[in-house]
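Please report on the helix packing, the chain contact and the confidence of this model. Keep it brief.

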Amino acid sequence: MSNFIIKYKKKSVTILNEMSAVGKLAVIIFFVLILMALFAPFITWFSHVNSSGTALLPPEYPHIMGTNDLGVDIWSLICYGARISIIIGLGTSLLAGLGGSIIGIIAGYKGGIVERIVMRFIDIMIALPRLPVMIVLAAFFGPSIFNIILVLSLFSWAGPARIIRSATLSLKEQDYIKMASHYGAGTIYLIKKHFIPELFPLIAVSMIRLMGRAIVAEASLAFLGLGDPTSGSWGLIINHAISFQGIYFTPFWKWWLLYPWIFLTLLVTSLALLSREIEKISDTRIINK
Amino acid sequence: MKLKKKEKIFEYIFTLFIIITLNFALPRMMPGDPFLHNTGGEGEVFTTHTVEQIQYYREYYGLDKPLYIQYGTYLKELAKGDLGYSYYYKTDVLSIIYKRFPWTILLVFSALGFSIIFGTILGSISAWYRNSWQDQILYILLIIISEIPAFLIGIFLLVVLAAALNFFPLAGSISHFRDYSSNFEKIIDIAQHAFLPVMTLTLARIGGIYLLVRNSLSTVLNKDYVRTAKAKGLKEVRIKYIYALGNALLPLLTRVSLQLGAMIGGAILAESVFAYPGLGLLMRNAVSVRDYPLIQGIFLILALMVMIANLTADLLYKKIDPRV
């Protein structure tokens, strides 16, 4: 295990070095936002739940980003909201990324009828229009964070499963895998010992991609009014601001709408650019081999 | 080959079955109840319906029967083109959808057209000047734009172009209570209202088309026959748009029809941002008032639209590319 970590630590350093300027900027922004989420209690000085001043104050110290219609500090809302986005992103990418990968490995390794059923299912999942289905499902499951993660995972596993399956197809022809299976290694043993470690970079890349997508999807659902009403995610802040009567005829949008918009855009864009960059680098590696 | 075709048909039928079943099952398992909503929020009890009335309505709408009978009725009605009766709007679902449908179609297809046109132009510029600074700037700009989700772009456009600068109307699809002196004026009004949502959708989708054209065109441009054309002294425009682009169009076509699903998702969000009265806004409202038949109907129509698009892509691909 420690060998495994050292190997990928080295690899991630070389990936970082190979990135373009835009990619590096994306990494920095992403880490700053993660730090914001982690240290939310230390960098905010007002409650993110209770009112801490007059309603709709413009940005001015101590409310550096102003307050919303209930007098809650927007900087605190944003810092704690980052936690929701990241929890949902991580949860979905772990569940759908690992789950989808394992399904893909099993389909690719077992072949035959299992593979055909899984592939049909993947095609159907990909053909279904994502957002309408998610709206219906989110409405059905009820909008707690856990349920949102479940819904998002249910509709995100097909992408990684398809990629991992085709990688498994070429991997299983390798001599050492055949050898191991002739020595009597079971499917679970092979998946744990050989497939997952060998396919790890590919799994990691699709997990980063999934994370970005999940954050976008959660924000979209919250924006449509299907988010967890108690979570205070960024999409929800935007939803409240937009639903405020006549927000465009007042100056309130200049802080209430603007700041969550900026942070959400930064997070989503930096994640997407990051995954694109990593995909590109690992792609050229494959070609160079 | 024959087996493949059979499998494909089976896949479409199975997808349709899943959509219909999902459509039937999910709204019934949703938390909340249409009668609960009619009688006010949780905790507050002001009864506008008595128990007998609720019982009557349950029977009237068939909600008291076992699920498999409800499913059978649902399928039968569906086959007749009856999507049910909206609890909230108190008319049949199909006529509500019918009224809203053209607006969504207007948005989706204009955005599709614009993103193809501009994506192709920008993509071919990029491919022609590959690796120059113009290409680099275009590439980075379009990638960043295409990664920002549609509703964030929409909010940005709404705030800047409609609220702050007042160039465009804030909401709706047409000015209410206004007499038009000519049809032309009416069209202008509709175009003005549609401009921002269409722009939002176009910006959200243009990156994919740009990338596709850029990549396929730059591989084609390195082919021998293009070099021959250049050597013959053919005009740049002719080489670029007739010889090279003609061969790069095939993947574009499939890509576009497969993108329709994402486009419809984007349309739901864009309509919500701009309060544009299409199916997306209708769906959002239907979910918030728990209008089961309406949600079912919209979901079914949207899913059907996407399926038809995928089918068209499959058929077109076979028509254009004889190898398949």
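H5(B) and H6(B) cross in a left-handed sense. This is a predicted model. The two axes come within 9 Å, and the crossing angle is roughly 140°. Angles over 145 degrees would count as roughly antiparallel, so at this value H5(B) is oblique to H6(B). From H5(B), the contact uses B:Leu122, B:Ile125 and B:Ser126. H6(B) answers with B:Asp135, B:Leu138, B:Tyr139 and B:Leu142. By class, the residues of this contact are five nonpolar, one polar and one charged.

H5(B), residues 93-128 of chain B, also packs on H13(B). Here the angle is about 50°, with the axes 10 Å apart. H5(B) and H13(B) are therefore oblique to each other as well. Their crossing is right-handed. On H5(B), the residues in contact are B:Val93, B:Leu94, B:Ile96 and B:Ile97. On H13(B), they are B:Pro293, B:Leu294, B:Gly297, B:Ile298 and B:Ile301. The class count is eight nonpolar, one polar and no charged residues.

The table sets out the two pairs.

| Helix pair | Crossing angle | Axis distance | Handedness |
|---|---|---|---|
| H5(B) and H6(B) | roughly 140° | within 9 Å | left-handed |
| H5(B) and H13(B) | about 50° | 10 Å | right-handed |

**Chain B as a whole**

What secondary structure does chain B have? Chain B has 13 helices and zero strands. Read along the sequence, its pattern is α-α-α-α-α-α-α-α-α-α-α-α-α. The C-alpha trace of chain B spans about 85 × 60 × 40 Å along its principal axes. Chain B has 324 residues, and 32% of them are buried. Among contacts in chain B with a separation of 6 or more, 73% join residues 24 or more positions apart.

**One loop residue**

B:Asn222 sits in the loop between helix H8 (183-221) and helix H9 (224-231) of chain B. Is B:Asn222 buried or exposed? B:Asn222 has 10 C-beta neighbours inside 10 Å, so it counts as exposed; the cut-off for exposed is 12 or fewer.

**Contact between the chains**

How many residues does each chain bring to the contact? Chain B brings 37 residues and chain A brings 35 residues. On the side of chain B that touches chain A, the elements giving two or more residues are helix H1 (2-29), helix H6 (133-147), helix H7 (150-164), helix H11 (260-274), helix H12 (279-288) and helix H13 (292-320) of chain B. H13(B) gives the most to this side, with seven residues. The residues on this side of chain B divide into 28 nonpolar, six polar and three charged.

**Confidence in chain A**

Chain A has a mean pLDDT of 83. In chain A, 94% of residues reach 70 or more. Where in chain A is confidence lowest, and where is it highest? The lowest mean is 68, in helix H1 (residues 2-18) of chain A. The highest is 90, in helix H4 (residues 74-110) of chain A. Over residues 285-289 of chain A, pLDDT stays under 50. For residues 285-289 of chain A, the model has zero contacts beyond four places in sequence.

Conventions: Residues are numbered from 1 along each chain as its sequence is written. Chains are lettered from A and ligands numbered from 1 in the order in which they are written. This is a predicted model: local features need pLDDT of at least 70, side-chain atom pairs count only at pLDDT 80 or more; totals for chains, interfaces and linings use all residues. Helices (H or I, at least four residues) and strands (E, at least two) are DSSP runs, numbered from the N terminus. A residue is buried if 20 or more other C-beta atoms lie within 10 Å of its own, exposed if 12 or fewer, and partly exposed in between; C-beta atoms are placed from the backbone. pLDDT is the predictor's confidence in each residue, from 0 to 100. Two residues are in contact if their C-beta atoms, placed from the backbone, lie within 7 Å. Ala, Val, Leu, Ile, Met, Phe, Trp, Tyr, Cys and Pro count as nonpolar, Asp, Glu, Lys and Arg as charged, and the others, Gly among them, as polar. Axes are lines fitted to C-alpha atoms, for helices over the stretch in contact, and angles run from 0 to 180 degrees between N-to-C directions. Angles under 35 degrees count as roughly parallel, over 145 as roughly antiparallel, 65 to 115 as roughly perpendicular and the rest as oblique. A crossing is left-handed if the near helix is turned anticlockwise from the far one by less than a right angle, and right-handed if clockwise.
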